[in-house]
Amino acid sequence: MDTVIYDGHCKFCTRGIETMRRLDFTRQLQFVSLHDPSLATRYPELTHDMMMDQMWVVSESGKRYGGADAIRHLTVRLPLLYPFALLMYFPGTRRFWSFMYNKVAANRYRLAGTTCDSGTCSLHLKSHAKTKNAAKI
């Protein structure tokens with residue numbers, strides 16, 4: 001069973017995961033929020049910042065896929081997404097999908113709105129922006 005690691009504090013991400021759960025009628029995936037403390041021991045090579053930057057999929061064999069590559073991997077794991085695999089794996093498009101994924105991921109809190117019930121989206125948006133800006137210096 002593959003493990004999908006996502007931002008469980010992000011409305012945009014959790015809505016996407018809800019859709020994936022419905023599409024996973026063969027139960028090939030398990031979904032874990034990056035905020036789950038057990039991930040630090042299960043996947044120590046995946047840092048908090050790495051997981052905040054993009055969704056990760058860890059296959060049964062232990063191979064890791066991040067960002068657009070994770071989405072590409074899921075299109076061949078979930079039968080209802082097979083038509084999208086034709087697009088995602090079309091020769092020469094990997095850079096495009098990575099660019100698009102990174103743009104969406106960087107703006108996911110804005111896309112979902114920053115007014116979560118608990119207010120966590122606005123907190124993550126601010127802290128994630130600070131982390132990204134500090135990394136650029």
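User: How many disulfides does the structure hold?

Analyst: This is a predicted model, and the structure holds 0 disulfides. Cys-10 takes part in none, although the sulfur of Cys-13, the nearest cysteine sulfur, is 3.0 Å away.

User: Are Cys-10 and Cys-13 buried or exposed?

Analyst: The cut-off needed here is that buried means under 20% relative accessible area, whereas exposed means over 50%. Cys-10, with a relative accessible area of 1%, is buried, and Cys-13 also counts as buried, at 16% relative accessibility.

User: Cys-13 is listed among the buried residues of α1; which others are buried there, and where do they fall around the helix axis?

Analyst: Besides Cys-13, the buried residues of α1 are Ile-17 and Met-20. Seen down the axis of α1, these buried residues fall within an arc of 60°, so they line one face of the helix.

User: How should I read the largest pocket, and which residues are closest to its centre?

Analyst: Of the 28 residues that line the largest pocket, Phe-12, Met-20, Met-55, Ile-71 and Tyr-101 are the closest to its centre. The elements that give two or more residues to this lining are α1, α3, α4, α5 and α6, and α1 gives the most, with 7 residues. By residue class, the lining divides into 21 nonpolar, 4 polar and 3 charged residues.

User: How many residues of α4 are buried, and which are they?

Analyst: α4 is mostly covered, as 7 of its 10 residues are buried. The buried residues are Ala-68, Ala-70, Arg-72, His-73, Leu-74, Thr-75 and Arg-77. For the protein chain as a whole, buried residues make up 38% of the 137 residues.

User: What should I look for in the backbone at Arg-27?

Analyst: Most residues other than glycine have a negative phi. Arg-27 has a positive value, with phi near 55°, and is a residue other than glycine. Arg-27 is found in the loop between α1 and β2, where this residue is exposed, with a relative accessible area of 53%.

User: Where is Leu-34 found, and is that residue buried or exposed?

Analyst: Leu-34 is found in the loop between β2 and α2, yet this loop residue is buried, with a relative accessible area of 4%.

User: How many helices and strands does the protein chain have, and what pattern do they follow along the sequence?

Analyst: The secondary structure of the protein chain comes to 8 helices and 4 strands. Read along the sequence, these elements follow the pattern β-α-β-α-α-β-β-α-α-α-α-α.

Conventions
Residues numbered from 1 in each chain as written. Predicted model: local features only at pLDDT ≥ 70, side-chain atom pairs only at ≥ 80, totals over all residues. Heavy atoms only, no water. Disulfide = S-S within 2.5 Å. Buried < 20%, exposed > 50% of the residue type's maximum accessible area, 1.4 Å probe, protein only. 1 Å grid on protein atoms, 1.4 Å probe; cavity = no way out; pocket = protein on both sides within 12 Å on 5 of 7 lines; lining within 4 Å. Nonpolar A, V, L, I, M, F, W, Y, C, P; charged D, E, K, R; others polar. Arc of directions from axis to C-beta.
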